[in-house]
Amino acid sequence: MKSHTAYLTLNTKTRREYINITRDIISELKKSGIQEGLCLVNAMHITASVYINDAESGLIQDFDDFLEGLAPHEPISRYRHNNTGEDNGDAHIKRTIMGREVVVAVTEGRLDFGPWEQIYYAEFDGRRQKRILVKIIGE
Amino acid sequence: MKSHTAYLTLNTKTRREYINITRDIISELKKSGIQEGLCLVNAMHITASVYINDAESGLIQDFDDFLEGLAPHEPISRYRHNNTGEDNGDAHIKRTIMGREVVVAVTEGRLDFGPWEQIYYAEFDGRRQKRILVKIIGE
Amino acid sequence: MKSHTAYLTLNTKTRREYINITRDIISELKKSGIQEGLCLVNAMHITASVYINDAESGLIQDFDDFLEGLAPHEPISRYRHNNTGEDNGDAHIKRTIMGREVVVAVTEGRLDFGPWEQIYYAEFDGRRQKRILVKIIGE
């Protein structure tokens with residue numbers, strides 16, 4: 001069994017941001033040389049998500065509206081977590097709805113994707129450096 | 001390490017549909033000959049989910065009511081994504097709540113399940129052919 | 001390829017409970033002797049979740065408030081599932097939002113975590129014995 005580990009670093013500029021990382025994951029898969037296996041991609045921060053969906057700007061805005069509707073950022077006092085001095089209570093909940101990780105099949109050296117699947121990193125408490133983990137195992 | 005890849009094809013008849021695919025996954029596991037490992041099952045479409053829960057019709061209706069309450073199909077104009085000419089903005093959000101994929105342990109050649117775990121495919125934009133990916137790795 | 005399987009047993013005392021199981025998973029990883037691979041942790045019951053987030057009591061209360069707001073336990077008659085004689089319709093939905101499972105990378109014999117990642121078991125229909133599955137594969 002082979003394995004490949006990589007840590008991607010992102011500098012997010014705004015509080016909330018949705019970044020297509022599909023090319024970065026494909027690049028890591030090529031480096032791994034793995035033909036058949038599983039590829040895990042996860043946020044290493046607990047206020048961010050990795051998810052799979054469409055690269056369509058309207059949809060991304062729909063996700064953002066939906067999440068802000070369910071768990072609004074303000075008022076800050078809405079979340080007990082913010083009593084610790086943080087202001088990111090909403091971000092922990094938004095990340096939970098969108099998910100921490102994806103597991104993607106690797107077949108014949110490619111991410112085994114349907115026609116519209118793209119891997120996104122979603123940041124909910126940005127404006128600082130964040131890390132994404134890629135772990136590929138197989139043969 | 002062994003691996004097994006299969007693509008299941010479903011013809012969904014209604015917009016939203018919940019289909020128990022547990023037997024199909026068990027059948028693929030038997031074909032694989034894998035005794036110990038991991039089994040990934042994911043929707044290959046971004047308006048559909050694979051999830052694990054109970055085979056109980058009332059519960060399935062509860063899920064459907066819950067999802068339609070959170071992200072209603074209509075009015076179509078509710079979703080920016082639908083400005084592209086689609087009418088499935090809600091389906092992308094419903095799929096995100098229910099999840100894209102499940103990863104199941106394989107132990108002694110069986111899906112290592114608790115007493116009530118069943119694998120479902122949930123369609124949120126149906127009435128056409130859809131695909132599910134099964135990838136099993138192990139030994 | 002090596003694999004390691006363990007079943008953790010918990011006795012939950014209240015209907016809803018959030019339990020940090022990170023140490024238990026680290027202990028299983030050490031027993032496995034696996035240095036590079038993937039670690040699956042999942043609830044074996046369909047009214048419970050395994051998720052990764054912060055070990056902060058305010059945040060845990062925020063999660064609980066959020067889930068109870070979206071899918072309240074009462075009135076019991078709110079859920080068709082409860083027509084079967086159950087009173088846990090809400091718990092199936094809460095578990096779905098929080099997720100069934102996590103997959104964690106194993107690197108150099110450790111759970112490859114960001115600084116704040118902790119593994120939690122979330123119970124939504126407790127007061128009885130429950131099981132968690134740990135499956136680690138790799139080398």
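**Reading the contacts between chains**

Guide: In this predicted model, the contact between chain C and chain B takes 27 residues from chain C and 27 residues from chain B.

Visitor: Which elements of chain C supply at least two residues each to the side that touches chain B?

Guide: Strand E1 (2–11), strand E3 (37–43), H3, strand E5 (101–107) and strand E8 (129–138) of chain C do. H3(C) gives the largest share, five residues. By class, this side of chain C divides into 12 nonpolar, 10 polar and five charged residues.

Visitor: How should I read a pair of packed helices?

Guide: Two packed helices are described by the angle between their axes and the distance between the axes. Take helix H2 (residues 57–70) of chain B and helix H3 (residues 89–98) of chain C. Their axes come within 10 Å and cross at roughly 55°. That is why H2(B) is oblique to H3(C). The crossing of H2(B) and H3(C) is right-handed.

Visitor: Which residues make the contact of H2(B) with H3(C)?

Guide: H2(B) brings B:Leu59, B:Asp62 and B:Phe66. H3(C) brings C:Gly89, C:His92 and C:Ile93. These residues divide into three nonpolar, two polar and one charged.

Visitor: Is B:Asp62 buried or exposed?

Guide: Count the other C-beta atoms within 10 Å; 20 or more means buried. B:Asp62 has 21, so B:Asp62 is buried. B:Asp62 lies in helix H2 of chain B.

Visitor: What is B:Asp62 in contact with, leaving aside its neighbours within four places in sequence?

Guide: C:Tyr79, C:Arg80, C:His81, C:Gly89 and C:Ile93. Within chain B, look at B:Lys94, 32 residues apart from B:Asp62 along the chain. The C-alpha atoms of B:Asp62 and B:Lys94 are separated by 13 Å.

Visitor: How do helix H2 of chain A and helix H3 of chain B pack?

Guide: At an angle of about 55°, with their axes 10 Å apart. H2(A) and H3(B) are therefore oblique to each other. Their crossing is right-handed. A:Leu59, A:Asp62 and A:Phe66 of H2(A) meet B:Gly89, B:His92 and B:Ile93 of H3(B). By class, that contact has three nonpolar, two polar and one charged residues.

Visitor: Now the core. How many residues are in the largest nonpolar core?

Guide: The largest nonpolar core has 119 residues. Those with the most contacts inside it are A:Leu38, A:Cys39, B:Leu38, B:Cys39, C:Leu38 and C:Cys39.

Visitor: What does A:Leu38 touch, not counting residues up to four places away in sequence?

Guide: In chain A, A:Val103, A:Ala105, A:Val106, A:Ile137 and A:Gly138. In chain B, B:Leu38, B:Leu40, B:Lys135 and B:Ile137. In chain C, C:Leu38.

How values were computed
Residues are numbered from 1 along each chain as its sequence is written. Chains are lettered from A and ligands numbered from 1 in the order in which they are written. This is a predicted model: local features need pLDDT of at least 70, side-chain atom pairs count only at pLDDT 80 or more; totals for chains, interfaces and linings use all residues. Axes are lines fitted to C-alpha atoms, for helices over the stretch in contact, and angles run from 0 to 180 degrees between N-to-C directions. Helices (H or I, at least four residues) and strands (E, at least two) are DSSP runs, numbered from the N terminus. Angles under 35 degrees count as roughly parallel, over 145 as roughly antiparallel, 65 to 115 as roughly perpendicular and the rest as oblique. A crossing is left-handed if the near helix is turned anticlockwise from the far one by less than a right angle, and right-handed if clockwise. Two residues are in contact if their C-beta atoms, placed from the backbone, lie within 7 Å. Ala, Val, Leu, Ile, Met, Phe, Trp, Tyr, Cys and Pro count as nonpolar, Asp, Glu, Lys and Arg as charged, and the others, Gly among them, as polar. A nonpolar core is a set of buried Ala, Val, Leu, Ile, Met, Phe, Trp, Tyr and Cys residues joined through C-beta atoms within 7 Å. A residue is buried if 20 or more other C-beta atoms lie within 10 Å of its own, exposed if 12 or fewer, and partly exposed in between; C-beta atoms are placed from the backbone.
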